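I wrote down what I looked up, in the order I looked.

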Amino acid sequence: MSGSSIDRNPIYLDHNATTPVAPEVLDAMLPWLRDGFGNPSSAHPEGRRARAALEAARAEVAAAIGASGDEIVFTSGGTEANNLAVFGTARAAPRGRGLVVSAIEHPAILAPAAQLEAEGWSVARVGVTSDGVVDVAALRASVTGDTALVSVMLANNETGAIQPVAEVAGAARGAGARVHSDAAQALGKIPVDVEALGVDLLTVVGHKVYAPKGVGALYVRRGLTLAPLLHGGGQERGLRPGTENVAYAVGLGAACALARRRLEDDAARWTRLRERLFARLAARVPDLARAIDPARCLPNTLSVRFPGARGSGVLAAAPSVAASTGSACHEGGESPSAVLLAMDLAPEDALGAVRLSLGRSTDERAIDRAADALADAYEATQSRA
């Protein structure tokens, strides 16, 4: 299955890592890369045109998550948005020096949490159940009168497990804490509504939703005070100073508008293709295990474990498939995914994991080719064992 023609055009099943820029998004951006060079802070016509485009993009991002335009702060991406949520809350915290996070958060949350802990903050890292969902009872017990912020992602990037953020938010806000959710993986795959979720802060990432890398946004509930990470001009309500990247903001706005229009159809198609992929793989790989109940998983995400094999070895033997494992490679070997270990998987089982994440270009032919290539690769690894 790994002929040269396939190798030159691998089947891309790594959309949770990054997505291509959608043609509609590129078309929206190009005028602002070619001719729309005005500074949005300038009062002349070029500046006013840029400002109008920026605010139209802000409104599109807001509409995608049920917010208002004045609650959207553009950033350079998810890492900056997450850092602004955590450090911005911490530096402006009207109460407490406590932070509660789930054990499966992205490093852009866990690293700031570790930094605050080094500065004397109390940090509670709440575990997840065996199905990859945050333990709400344990989280509720971790929230105290000293807790300033609770941060739980909306969907996990490795497993696709959708988290009970609304329930988390109810527990946290009931105790007076602010609530943040990283929605990087959720937007464009499942409905995202900040009011229904009950969050105060929410992260949006451009390159996960068919916009370019290097742009994101943070939803900041109206009336909430944050301390900026950077200091300079008054752009983005003073929370993200610096001349705005109009073209990329426009791209993010276009991507969010496209995601709203396509959400229902994309989700239904991905669910059907995901189940086709699992069924075809399971027919050839005895005891193939999926990490997450499909009813609680992102529609485009399939995390499976190949028994008696390393996920990295399976992918290496299937060069026609571009996908990811949850393990990290280093000089001494491989380390199993911290997310899977948090689900109480044995290290050897966790090392067998492969994440297959579908996108808009994925079709039945790609699914069937990928399943066959992965099954062939697995059988090859077993024959050499």
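**Entry 1: L252 and its neighbours.** I listed what L252 touches, leaving out residues up to four places away in sequence, and found V61, F74, V204, G206, V209, A211, V215, G216 and A217. Contact here means heavy atoms within 4.5 Å. L252 is found in helix α9. Helices are DSSP runs of H or I with at least four residues, strands are runs of E with at least two, and both are numbered from the N terminus. I noted L252 as buried, because its relative accessibility is 0%. The cut-offs are under 20% relative accessible area for buried and over 50% for exposed, with partly exposed in between, using a 1.4 Å probe and protein chains only. I also took one C-alpha distance: L252 and V205 are separated by 8.4 Å and lie 47 residues apart along the chain.

**Entry 2: what I am working from.** This is a predicted model, in which local features need pLDDT of at least 70 and side-chain atom pairs count only at pLDDT 80 or more, while totals for chains, interfaces and linings use all residues. Residues are numbered from 1 along each chain as its sequence is written, and side-chain values use heavy atoms, with hydrogens and water left out.

**Entry 3: α2 against α9.** Two packed helices are described by the angle between their axes and the distance between the axes. I looked up both for helix α2 (residues 23–34) and helix α9 (residues 246–282): the axes come within 8 Å and cross at roughly 155°. Axes are lines fitted to C-alpha atoms, for helices over the stretch in contact, and angles run from 0 to 180 degrees between N-to-C directions. α2 and α9 are therefore roughly antiparallel to each other. The classes are roughly parallel under 35 degrees, roughly antiparallel over 145, roughly perpendicular from 65 to 115, and oblique for the rest.

Which residues of α2 and α9 meet? From α2 I have E24, V25, A28, M29, W32 and L33, and from α9 V246, A247, Y248, V250, G251, A254, A255 and L258. By class, the contact of α2 with α9 has twelve nonpolar, one polar and one charged residues. Ala, Val, Leu, Ile, Met, Phe, Trp, Tyr, Cys and Pro count as nonpolar, Asp, Glu, Lys and Arg as charged, and the others, Gly among them, as polar.

**Entry 4: W32.** W32 is found in helix α2. W32 counts as buried because its relative accessibility is 18%. Leaving out residues up to four places away in sequence, W32 touches R49, A50, A53, V246, A247 and V250. I also checked W32 against S361, 329 residues away along the chain, and their C-alpha atoms are separated by 27 Å.

**Entry 5: α9 against α13.** α9 and α13 pack at an angle of about 25°, with their axes 9 Å apart. That makes α9 roughly parallel to α13. Their crossing is right-handed. The contact is made by R272, L273, R276, L277, R280 and L281 of α9, and by E364, I367, D368, A371, D372, L374 and A375 of α13. By class, I have seven nonpolar, no polar and six charged residues in the contact of α9 with α13.

**Entry 6: salt bridges.** How many salt bridges does a search of the whole structure find? The search finds 27. A salt bridge is a side-chain nitrogen of Lys or Arg within 4 Å of a carboxyl oxygen of Asp or Glu.

- R276 forms a salt bridge with E364, with the closest N and O atoms 3.7 Å apart. R276 lies in helix α9 and E364 in helix α13 (residues 364–384), so the pair ties together parts that are 88 residues apart in sequence. R276 is partly exposed at 33% relative accessibility, and E364 is partly exposed at 37%.
- D372 forms a salt bridge with R280, with the closest N and O atoms 3.1 Å apart. D372 lies in helix α13 and R280 in helix α9, so this pair ties together parts that are 92 residues apart in sequence. D372 is buried at 17% relative accessibility, whereas R280 is partly exposed at 33%. Salt bridges that share partners join R272, R276, R280, R284, E364, D368, D372, D376 and E379 into one network.
- D266 forms a salt bridge with R262, with the closest N and O atoms 3.0 Å apart. D266 and R262 are separated by about one helical turn, because they are four residues apart in helix α9. D266 is buried at 2% relative accessibility, whereas R262 is partly exposed at 29%.

Key: Left-handed = near helix turned anticlockwise from the far one by under 90°.
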